[in-house]
Amino acid sequence: MRFSLNKPSAIATISLLAIAPSVLLAGSRATAQMDPYMQAPAPVSSSGDPTYQTSSTPFPGSSESYEMPASSASADPCVSPTAANDPQVRAYLRERGVCPSPSPGELPPASVTPPGEGVVVVETRPMGFGGAYVGAGIAAGVTNGGQQGTSALFGGNIQGRIAPFEDVPISARAAILFGPNNSAIMPMLTYDIPVAVNTNVYIGGGYSFVEKNCQPTPIGNKSSAVAVVGAESSVTRDIVLYGDAKLGIQPYYNTSASSLSLQAGMGYRF
């Protein structure tokens with residue numbers, strides 16, 4: 001079988017065959033220049049490991065080249081460590097149709113933190129005791145004035161506390177110390193010192209008004225100034241334990257002796 005070509009056709013065919021390699025090479029170079037990040041990784045790893053390949057051009061937003069296993073480098077650049085960990089790289093590859101768009105809720109594996117891991121929860125609870133309460137308990141006078149009707153007396157107490165100013169460590173307090181035949185009513189002001197969570201130490205003073213002069217109470221048998229030091233703590237949201245010592249200043253008739261009374265009780269917080 002014979003084929004014949006006229007002269008013009010032969011010349012055109014030879015010209016196309018001559019310039020085809022140049023066109024293909026130029027197209028290849030243009031593609032590489034347009035998208036340098038899609039070049040195939042170089043065959044040599046920066047770490048010297050022949051099973052890994054290193055890209056000759058870094059991804060956007062990164063000043064370093066990346067490495068990935070040779071088996072996956074040429075097949076799927078989306079699984080490289082850089083693409084998996086860098087959202088900018090994955091977005092760049094998605095824009096060019098190389099990596100698929102993530103399904104709803106998908107996150108890169110390196111960005112997933114299991115619930116409860118890597119999270120430190122610090123519970124902060126304020127120091128000191130706040131709020132108001134009223135309670136009752138025992139009162140024990142431990143001194144006597146050396147005169148008739150000034151002996152130590154065991155009785156009870158009713159006490160309460162309010163804190164009118166939240167940011168001011170001053171409390172208004174009231175106490176009633178009572179015995180079998182008499183009682184003393186004491187309004188007081190104290191300075192409160194936070195020492196632990198829901199716990200205060202307080203110090204202050206007031207005045208004791210004795211209802212019946214010359215009749216004993218745990219704090220004395222006549223009206224007098226009183227100093228107090230004590231502590232209070234909330235053991236539950238509603239229950240308060242308290243205890244204090246009250247010093248009566250010249251609370252006895254016919255003597256200049258001081259008195260000391262110890263109190264302890266439980267209160268309801270509101």
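I began with β4 and β5, which pair in the antiparallel sense over seven bridges. I took strands as DSSP runs of E with at least two residues, numbered from the N terminus, and counted two strands as paired if DSSP finds at least two bridges between them.

The model is predicted, so local features need pLDDT of at least 70 and side-chain atom pairs 80 or more, while totals for chains, interfaces and linings use all residues. Residues are numbered from 1 along each chain as its sequence is written, and side-chain values use heavy atoms, with hydrogens and water left out.

I looked up G156 next. Its bridge partner in β5 is F178; G156, in β4, is also the bridge partner of I138. Strand β3 (residues 133-141) runs antiparallel to β4, with eight bridges.

I then followed the closed barrel of eight strands, β3-β4-β5-β6-β7-β8-β9-β10, with antiparallel pairing.

I turned to cavities: on a 1 Å grid over the protein atoms alone, sets of points where a 1.4 Å probe fits but cannot get out, with lining residues having an atom within 4 Å of a point. Points are joined across faces, edges and corners, and volume is the space filled by probe spheres set on them. I found three cavities of 30 Å³ or more. β4 (154-162), β5 (170-178) and β9 (239-249) each supply at least two lining residues.

Methods
1 Å grid on protein atoms, 1.4 Å probe; cavity = no way out; pocket = protein on both sides within 12 Å on 5 of 7 lines; lining within 4 Å. Helix = DSSP H or I, 4+ residues; strand = E, 2+ residues; numbered from the N terminus.
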